[in-house]
Amino acid sequence: LLDRGNELSELRAELRIKSFELTALGVHFEEKSAHLRKAESELDMTRQEVAAHKVALGRMEREAEQRAAALSDELERATSRLRAYEALEQEIDGAVMRAAANTGAAEVVLDSVRGIPCSPERRVRQ
């Protein structure tokens with residue numbers, strides 16, 4: 001009977017230890033579950049932010065493409081105007097050089113280039 005009492009005491013002690021371990025594991029499980037729920041919530045928020053950033057990036061890329069196209073068109077128009085002005089400048093230079101060859105014709109050349117949108121006096125002086 002004494003042997004059974006010792007065995008019963010040992011089993012009760014082991015039961016208390018197992019009960020304590022189970023309680024500790026339950027607390028640990030609840031802590032980990034709370035961390036998991038928090039991480040899932042943060043993940044959802046991050047996914048929403050990523051989706052919003054993707055939409056904003058798409059909008060900015062479209063705006064950049066439109067701006068680049070507009071700048072390209074503007075550059076083409078400016079380049080075309082520049083070519084026209086350079087051709088006009090070469091024509092004026094040629095006229096000035098021909099007038100310089102004919103010493104008396106400088107005033108005639110000056111009169112002929114007065115209507116051109118540049119500084120003919122400067123050309124003649126050159």
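A salt bridge here is a side-chain nitrogen of Lys or Arg within 4 Å of a carboxyl oxygen of Asp or Glu. The structure, a predicted model, holds two of them. Mean pLDDT for the protein is 86.

**Fold and confidence**
- Along the sequence the elements follow the pattern α-α-α.
- Of the protein's residues, 79% reach a pLDDT of 70 or more.
- Where pLDDT is low, the predicted coordinates should not be read in detail.

**Salt bridge Lys18–Glu21**
- Lys18 pairs with Glu21, and their closest N and O atoms are 4.0 Å apart.
- Lys18 has a relative accessible area of 48%, and Glu21 has 38%.
- Partly exposed covers the range between under 20% (buried) and over 50% (exposed), so Lys18 counts as partly exposed, and so does Glu21.

**Salt bridge Arg59–Glu63**
- The side chains of Arg59 and Glu63 form the other pair, with an N to O distance of 3.5 Å.
- Arg59 is partly exposed, with 40% relative accessible area.
- Glu63 is likewise partly exposed, at 41% relative accessibility.

**Surface and burial**
- The protein exposes about 11,000 Å², and carbon and sulfur atoms supply 58% of that area.
- Buried residues account for 10% of the 126 residues in the protein.
- A patch of negative charge on the surface is made up of Asp3, Glu7, Glu10 and Glu14.
- Residues in a patch have over 30% relative accessible area and no salt bridge; Glu10, one of the patch members, stands at 57% relative accessibility.
- Glu10 therefore counts as exposed, the cut-off being over 50%.

Key. Residues are numbered from 1 along each chain as its sequence is written. This is a predicted model: local features need pLDDT of at least 70, side-chain atom pairs count only at pLDDT 80 or more; totals for chains, interfaces and linings use all residues. Side-chain values use heavy atoms; hydrogens and water are left out. Buried means under 20% relative accessible area, exposed over 50%, partly exposed in between (1.4 Å probe, protein chains only). Helices (H or I, at least four residues) and strands (E, at least two) are DSSP runs, numbered from the N terminus. Accessible areas come from the Shrake-Rupley method with a 1.4 Å probe; for residues, only the protein chains shown count as cover. Patches are made of residues with over 30% relative accessible area and no salt bridge: like charges are joined within 9 Å, nonpolar side chains (Val, Leu, Ile, Met, Phe, Trp, Tyr) within 5 Å. Lys and Arg count as positive and Asp and Glu as negative; His and the chain ends are not counted. The place of a charge is taken as NZ of Lys, CZ of Arg, CG of Asp or CD of Glu. pLDDT is the predictor's confidence in each residue, from 0 to 100.
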